[in-house]
Amino acid sequence: MSEKVKVTIDGITVEVEPGTTILNAARQIGGDIVPPAMCYYSKLEGSGGKCRTCIVKVSKGSEKDPRPMPKLVASCRTTVMDGMEVMNITSPEVLEARSGVVEILLINHPLDCPVCDQAGECDLQNLGYEHGLQKTRYEFERRTFERIDIGDKIQLHMNRCILCYRCVFTADQITNKRVHGILNRGDHSEISTYIQTAVDNDFSGNVIDVCPVGALTDKTFRFKNRVWFTKPVDAHRDCPTCKGEVTLWYKGADVLRVTARKDIYGEVEDFICNTCRFDKKKTADWVIEQPTHISDTSVIASNHYETMKPLPVIQTDLRLQQANKVELEKTAKF
Amino acid sequence: MARKLLLEHINVPGINTLDVYRQKGGYRSVEKALKTLSPDDVVEEVKKSGLRGRGGAGFPTGMKWSFLAKPEGVARYLVCNADESEPGTFKDRYLMTHIPHALIEGMIVSSYALGAKTSYIYVRGEMMPQIRILEKAIAEAKNAGFLGKNILGSGYDLELYVQPGGGAYICGEETALLESLEGKRGNPRIKPPFPAIAGLYGCPTVVNNVESIAAVVPIINDGGEEYAKVGIGRSTGTKLISASGNLVRPGVYEIELGLPVEEFIYSDEYCGGIANGKRLKATVAGGSSVPVLPANLTLKLANGDPRLMSYESLSEGGFATGTMMGSGGFIAFDEDQCIVRNTWNFSRFYHHESCGQCSPCREGTGWMEKVLHRIEHGHGKMSDIDLLVDVSKKIEGNTICPLGDAAAWPVASAIRHFRDEFEWHVREPQKSQQTNYGIARYAEPIVSGLKQEN
């Protein structure tokens, strides 16, 4: 079964391995046809399917069975079939449903971006900016939770949580002792550690990186600076526990925080250990490599070294290459 | 007297014991199936019978069985879904309380057909008396040699276990049920893979409702073709209906599918009409999840023909003028009942029971509940009504499991059919707290060319 299957997403055909999900096939094409994902995380087994922002329309099931799928499907958990045709941004139905999901995700979100450390690198902020309404129709008091202290390294703001379960999967799969899970049901569900035990594990800090919103943030970076005023630099060190490849966030000569390196979809390349993340905050601890690449669309790029470049395209595709060329010419003029 | 297949001997004293049940012809189907039929023959009989799932969705049981993957060397499971917790549905509890052996007999035959060596009955945690009844009945059956090793000398082994549920409505969704049965938090799984491929402990599994499994017994006894003669069209056989609300005689009734709704409500054989001489205002025909219908559309189709109790007739006209068979929880409302209050009540239930896994259902059910609460208590706005329709549309179809749909349908349908009552609540906030809207025009005959919304 190593024969590749063909899938067409928004009119662009790509050949992928059988068993690939629609979302990953779209990521092989790249560009703005990639559905947004708030809960899916390629490095975490079992993640995805929950936030419903990545829903797409399957207008043709497969070559064998060309019937369309009756409902919109979660692209992160639906595998491609040979000859499948998928509509994402070309389907008004999908865009409408997605903006509905965004609205629903935001009704109980406190929208405290001005005081949130995640602002500027928040997936929900980006999503709301692209799809959300400017005004909310929700006129009730937003849901709040009791504050829970989960240790001196990680700050939990349950009010901001969108219950993507990513941190639960991280706690399950990366760390060897689970002290972190979901309590209660429905919209009372909350991320918690049982009996408020401190999350102490060498890799527990990774829950900060996987969190798409500001629910889990770095206590050592808390209220230090806005992310767009800091400059990210790739660096590494010889670490006995992890690979030691990280991004340092500088303000002047000070390292304000250390995170794992993230790809263009906001997923970490390698999980890092707590020593690297919380304790090594001097330039002398690290070997500096280069400025981190930041997507032009990110607010962090406004203060960055790199000049403007067109969006990267991973898969060679004639149509996209053409589009890229046009983009490049525009940039040159600019 | 209409034909009864499941509740034929319900009034025989001691029918809950094995001896009396055997005297009335019990366990004939086990003997017939295990001694004369091959497992595939049993599946074929069920397919021929046209039996449709009695839990709510109405998926043909025989088809479901034939989808079961049968890889070599992998265990297969049959799980009976007795987590009956839909508001308005209580038929399975009745069946398990009074004729527990009917379920056990059905489980043995069904397990044999599917090749399952271990089967589970997942009973709602609140039904502790029924769990004890089932456990006693299983012990009796085991003593008589209908369970255990080498049943009736056929070489077929089966162990049957009763599992008390975790006490959540969501555990009635088949994949959440399997998660709960495995001892995990009862969150629905993301499909595919379907349970027929990877279900309980990752093995192929069939999950069936109590009534579906009990219906296998008459199918094997009389043959699938004979069973298919009962009922109407593609709705074959009999169905247990839990009738509740403002009826003279609420209770569990076994009806032959195809019975006119009017006869079911008003005839003395069944519910005996509306209590206290009042008039019917609205019904929920299949448990709280299905669309609510005004009296006129309950009794008649949009074209004026009488509506029948069958899968097709109840859903005739789609959601614009129809509803669904659902699990058979028939709730009748008389002229004094407030549809807004009832919709809010249902909405509160779904808000409370949402598992919290996927966002549209987790946040949307709470939002609808709050808006409905506001309208019901006289603080609503006109724009709230359209807001509710919009929110329900955004939940429907965008969730992992059908709970989102089930939460959205009652709200959307209540507004579709009873919009003037909602508007009255907004317009007359004080009056709506003291009196109710009454029957209005909901029982008037349908004029042709009914306004089609949606």
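In chain B, helix α3 (residues 39–49) and helix α9 (residues 210–222) have axes that come within 10 Å and cross at roughly 100°, where axes are lines fitted to C-alpha atoms, for helices over the stretch in contact, and angles run from 0 to 180 degrees between N-to-C directions. Because angles of 65 to 115 degrees count as roughly perpendicular, under 35 as roughly parallel, over 145 as roughly antiparallel and the rest as oblique, α3(B) and α9(B) are therefore described as roughly perpendicular to each other. The structure is a predicted model, in which local features need pLDDT of at least 70 and side-chain atom pairs count only at pLDDT 80 or more, while totals for chains, interfaces and linings use all residues. Residues are numbered from 1 along each chain as its sequence is written, and chains are lettered from A and ligands numbered from 1 in the order in which they are written.

**Packed helices**

- The contact between the two helices of chain B is made by V42(B), E45(B), V46(B) and S49(B) of α3(B) together with V216(B), I219(B) and I220(B) of α9(B), two residues being in contact if their C-beta atoms, placed from the backbone, lie within 7 Å.
- By class, this contact of α3(B) with α9(B) has five nonpolar, one polar and one charged residues, where Ala, Val, Leu, Ile, Met, Phe, Trp, Tyr, Cys and Pro count as nonpolar, Asp, Glu, Lys and Arg as charged, and the others, Gly among them, as polar.
- In chain A, α2(A) and α3(A) pack at an angle of about 130° with their axes 10 Å apart, and these two helices are therefore oblique to each other.
- The residues that make this contact are R98(A), S99(A), V102(A), L105(A) and L106(A) from α2(A), and L124(A), L127(A), G128(A) and H131(A) from α3(A).
- Sorted by class, the residues of the contact of α2(A) with α3(A) divide into five nonpolar, three polar and one charged.

- Chain A has seven helices and 13 strands, which are DSSP runs numbered from the N terminus (H or I of at least four residues for helices, E of at least two for strands).
- Of the 334 residues in chain A, 40% are buried, a residue being buried if 20 or more other C-beta atoms lie within 10 Å of its own, exposed if 12 or fewer, and partly exposed in between, with C-beta atoms placed from the backbone.
- Among the contacts in chain A with a separation of 6 or more, 63% are accounted for by residues 24 or more positions apart.
- The contact between the chains takes 24 residues from chain A and 22 residues from chain B.
- On the side of chain A that touches chain B, the largest share, six residues, comes from α2(A).
- The residues on this side of chain A divide into 12 nonpolar, five polar and seven charged.

**Strands and sheets**

- In chain B, five strands form an open sheet with mixed pairing in the order β8-β7-β13-β10-β11, where two strands pair if DSSP finds at least two bridges between them.
- The strands β8 (251–256) and β11 (292–294) of chain B stand at the edges, each with a single partner strand, so one side of each is left without a neighbour in the sheet.
- From one strand to the next, the twist averages 30°.
- Strand β10 (residues 280–284) of chain B pairs with β11(B) in the antiparallel sense over three bridges, and A282(B) has P294(B) as its bridge partner in β11(B).
- In chain A, strand β10 (residues 231–236) pairs with strand β11 (residues 245–251) in the antiparallel sense over six bridges, with H236(A) standing opposite E245(A).
- Four bridges join β10(A) to strand β13 (residues 287–291) of chain A, and these two strands run antiparallel, with V233(A) opposite P291(A).

**Backbone details**

- Most residues other than glycine have a negative phi, and most peptide bonds are trans.
- The peptide bond from K191(B) to P192(B) is cis, with omega near -5°, and a cis peptide bond with omega of about 5° joins P192(B) and P193(B).
- P192(B) lies in the loop between α8 (174–181) and β4 (205–209) of chain B.
- D10(A), found in the loop between β1 (5–9) and β2 (12–16) of chain A, has a positive phi near 50°, and with 17 C-beta neighbours inside 10 Å it counts as partly exposed.
- L111(A), in the loop between α2 (92–107) and α3 (123–131) of chain A, has a positive phi near 55°, and with 14 C-beta neighbours inside 10 Å it also counts as partly exposed.
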